[in-house]
Number of protein chains: 2
Amino acid sequence: MILLSLSIIGEVRFLETRESVLSVYALGGLHEVGKNMYAIEYGNDIVVIDCGNKFPDETLLGIDLIIPDITYLEENKERVKALIVTHGHEDHIGGIPFFLKKLNIPVYATRFTLGLIELKLKEHKILRESELVEINAETNLSFNAINVSFFKVNHSIPDCLGIVFDTPEGTIVHTGDFKFDLTPVNGQHSDIHRMAEIGRKGVLLLLSESTNAERPGSTPSEQMVGKHMDEAFMRANRKVFVSTFASNISRVQQVVESAKKTNRKLALLGRSMVNVVEVAMERGYIDVPDGMLISQNEINDYAPEKVAVLCTGSQGEPMAALARLSTGNFRGAEVLPEDTVILAAGPIPGNEKNVTRVIDHLFQLGAKVIYGSGVSTGMHVSGHGYQEDLKLMLTLMKPKYFIPIHGEYRMLFQHRALAEAVGVEKDYTFVLNNGDVVDIQNQEARHTRKIHAGNTYVDGVGVGDVGDVVLRDRKQLSEDGMLVIVLTMSKSERKLLSNPDTISRGFVYVRDSEELLRDVDGLIKKTVKDYQAQNKTQHWGAMKQDLRKAVGEFLFQKTRRKPMILPIIIEV
Amino acid sequence: MILLSLSIIGEVRFLETRESVLSVYALGGLHEVGKNMYAIEYGNDIVVIDCGNKFPDETLLGIDLIIPDITYLEENKERVKALIVTHGHEDHIGGIPFFLKKLNIPVYATRFTLGLIELKLKEHKILRESELVEINAETNLSFNAINVSFFKVNHSIPDCLGIVFDTPEGTIVHTGDFKFDLTPVNGQHSDIHRMAEIGRKGVLLLLSESTNAERPGSTPSEQMVGKHMDEAFMRANRKVFVSTFASNISRVQQVVESAKKTNRKLALLGRSMVNVVEVAMERGYIDVPDGMLISQNEINDYAPEKVAVLCTGSQGEPMAALARLSTGNFRGAEVLPEDTVILAAGPIPGNEKNVTRVIDHLFQLGAKVIYGSGVSTGMHVSGHGYQEDLKLMLTLMKPKYFIPIHGEYRMLFQHRALAEAVGVEKDYTFVLNNGDVVDIQNQEARHTRKIHAGNTYVDGVGVGDVGDVVLRDRKQLSEDGMLVIVLTMSKSERKLLSNPDTISRGFVYVRDSEELLRDVDGLIKKTVKDYQAQNKTQHWGAMKQDLRKAVGEFLFQKTRRKPMILPIIIEV
């Protein structure tokens, strides 16, 4: 009873003080690279930043996509006022369709980012009912006590923003993804003056991305790629294929420039390349000379030295254009001996094997392959700031408190060290997990509580209907297959009516394992007989357990494998 | 009839000329890094070089190990005279126990390599019946017309050899794995003078390893690691953990030296670390001061600044010492805040994720982690020669013909370019697949024919009993699980005796999918009823097919998943 009343008092107190607490947390993006989602709470308002997805690793069998678990936001539905999106990369927008199906709130993003979001919403058939609001670096928004403004940052996609939240407790800055490229392509400058001004006015808390916190030095400029691209195009005496991320419009622009200088037509291969370049052209983010673009069916109408091809698949994705080209499975386009193939993107960790498989196939076709692994080719620079870039951001903002975001643990820890090196006080940096809340009151920040956060798995059309039990079963099935045992038992006499049926899949070759399966048959009959002898056949649940155990142990001893064993009893 | 006689003539001709043909091929090691196995044939003699294993990638569900398919050697059993082993790494010796169980022939290897092979044979309980012959760089062997001699090479394990085969057709050289470290640790020098002599006498064909053919420059010396190791030990004011490959005895020696300089005791963690260091100490390949080694139970008996720990798990293997230390699951040893942990090995491609997971956990424990990804720490150098090393080998041997071995396609192609750069004639390099045979007659080499080569999968105690069908089933099970449908049918009346039973695993959460499974039930009954209506229930095979199709299509439409569907009909 006493405990109960204390808990009620606690609740009342919390409600009383809610108005004056500023809270910050991540629902995705910490201890991982992907599915970014952060939120700012003040009083009755919650503003959400980004809603990305993440691709599963090989332990998540059959899962297509991972998105943030937004249970907490659903429980506080009426308080969630806005989703503000920093830029159009998958790890920042890929979860939006799923999010909007649960919480239909306004989405704020820049012109180019909105174009990419619209493509997604169209695919999910929810574009019409969604409320999309275009913003730019000059926009001011207000959600009661939370005032929001923006600043331009440079990254590997156009139209990126950092966000400033002015609250009664002080100013919070979220950097988005950024690097400081002082000679960017397409005029995508970082607004360093505005950043300096924000810092001068005082920043209570900075959230800054940590992707490259492990890499010393400064990120090279995107212009470096243009120079190498030009050289490769000039050296090439047959077709040139370039594979990169469709969303890296600056790099696409550089390929256009190289094609122009060498009088080549340009074909676009791969659905996302075609879609994204279309969005970029419509909205004025890329400049393609009239008559340069040709369709994939026209490639063979031109001499090989007059054609360039821009395609998806730089990560070795088995169904994307480059992988299909590498195995001769792309209709209308073919890589022939002496053609040049440029991989103008680094492999994201985990994709190395797929990428090198594609490279191997391209070599087999006789192509001249320009790729990055092991040999530095100058065909790719990172869109994320290295240590010096991160230190510059910290220096400009000079925050009192710091939360490194957007990265695995080791990156967050390295970023903390950088913050301390440029003057953030020790213990004023919070290395958090998703769901950890930093509460700020009277300009004092503390990490004391936790809200629910996690992964939601998307498998086919199912969102969240696959969880740990299903995955554990898939894992067992994937490693050692299964054995179904069907027993037909007489209801009245409680005995076996026929020989047990066993069916195995993914376990052993049946034709090579007749003896083994015969032994299993014998073992099953013996187990059932023991039950009959002890007159326990009413306990069929227990008998199933015993069958599973006896057969499982026998098979492990004989094969060192642990197939899933499924006894099924049919009563007749 | 005419075709038949031609084929007989061909066969006779082949038998007549067999004596004077020299043949070279790989049974493993081409288009892959791993499971190295090469062979030289002359007349009635086959000499095999190395017998390695390879670890499966994530597509080979449940497979423990891959070894070369040796069907061809089994078919030519009486001609196989010897297995010569260049050095003791897993990708060169890991298949030996499986090989010897099929073909019990003499194994020739150096003292240290034999020590590692013996460990394996002991585990497989076949040490006693195996014939192991110790050789060194001065040994000469003779198998009828094939005369074999050796030369010392430097690599990341002691006691490595290159092999020279003198045959009536000319000299073939196999380099083994190598780099040119001119200041090696433990006196493991390359015998450049002997190599020069071999080259001066004339080499018909060189087989040289290609692992680092993509990397420009020369491999740094192992001594570089010692310097950085010393510095890290001196800076450390608590325990130091170092993780590396047990077989890299030179690096183990450097850890011993750093421990000696800082007055630390040294504990060895992990079975292979204990075993391999024991072999190295017994056979004189490492020098450990008396009293330095302590057991894992004694670690806490000393002040933290007086202890160093050498452990396995540098590749992030989940069951190895470092991964268990990183999650606090190693009995007797613990990583505490401010301890130093050094990863003194680069991640092998494909292991990056496991390695970074371990690093993240170590950061969470508060350790100072020194690791290589992204930041160059000087704690690891490759054991394989870079481009300049490979060119030096080609220059020393100046072969007429060249076969790049030991690498993926792109490495083999890059190595061919290096060979041409130092003077091997165009078209005199053979980029081959496993099983491709180069026949040499009258000093002319041609690649014309192919023998059987492939992968043998080891799963538990089964060798070769898991193949494509089993793996395909495992893949389907792993992605979408399965659904078993049990129909109890009356034999006489040919109709359903009860409701169908459906059991699913790894597909959906049953409690969330009641409606779906109810619909499946209805669909099954309808399908059966249709068969009855058409009086076709004698065709139960066809009915199963139809059930599989109908239920499969329905589930795909509803869930976008394709579980394995197993209809089972019980006749009563």
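How many salt bridges are there between chain B and chain A? I began my notebook with this point, and the count I found between the two chains is four salt bridges. I keep in mind throughout that this is a predicted model.

**Entry on the interface.** I looked up one of these bridges by name, and in it the side chains of Arg561(B) and Asp459(A) meet, with 3.2 Å from N to O; I note that this pair falls under the cut-off, because a salt bridge is counted within 4 Å. I then turned to polar contacts, and across the interface of chain B and chain A I found twelve residue pairs, both residues of each being at pLDDT 80 or more.

Sorted by class, the side of chain B that touches chain A holds 27 nonpolar, 16 polar and 21 charged residues.

I next looked up the extent of the contact, to which chain B and chain A each bring 64 residues. The area buried between the two chains is about 5,400 Å², and carbon and sulfur atoms account for 61% of this area.

**Entry on Asp459(A) and its sheet.** I went back to Asp459(A), the partner of Arg561(B) in the salt bridge, and saw that Asp459(A) stands opposite Gly462(A), a residue of S23(A). Strand S22 of chain A, residues 455-459, pairs with S23(A) in the antiparallel sense over two bridges. Both strands belong to an open sheet of three strands in chain A, in the order S4-S22-S23, with antiparallel pairing. At the edges I noted strand S4 (65-68) and strand S23 (462-463) of chain A, each of which pairs on one side only.

**Entry on the annotations.** From the unreviewed UniProt entry I took the annotation "domain: Metallo-beta-lactamase", which covers residues 34-228 of chain A. I looked up this span in the model and found its end C-alpha atoms 30 Å apart, with 23% of the span in helix and 28% in strand.

Which residues does UniProt list for "active site"? The unreviewed entry lists Glu209(A) and His384(A). These residues are spread over 176 residues of sequence, yet they cluster in space, the largest C-alpha distance being 8.3 Å. Finally, I placed Glu209(A) in strand S12 of chain A, which covers residues 205-209.

Notes. Residues are numbered from 1 along each chain as its sequence is written. Chains are lettered from A and ligands numbered from 1 in the order in which they are written. This is a predicted model: local features need pLDDT of at least 70, side-chain atom pairs count only at pLDDT 80 or more; totals for chains, interfaces and linings use all residues. Side-chain values use heavy atoms; hydrogens and water are left out. Contact means heavy atoms within 4.5 Å. Buried area is the accessible area (1.4 Å probe) that two parts lose on being put together, summed over both. A polar contact is a pair of N or O atoms within 3.5 Å; within protein, one must be able to donate a hydrogen and the other to accept it, and residues adjacent in sequence count only if both atoms are side-chain atoms. Ala, Val, Leu, Ile, Met, Phe, Trp, Tyr, Cys and Pro count as nonpolar, Asp, Glu, Lys and Arg as charged, and the others, Gly among them, as polar. Two strands pair if DSSP finds at least two bridges between them. Helices (H or I, at least four residues) and strands (E, at least two) are DSSP runs, numbered from the N terminus. UniProt positions are given in the numbering used here, feature names are shortened, and annotations may be inferred rather than shown by experiment.
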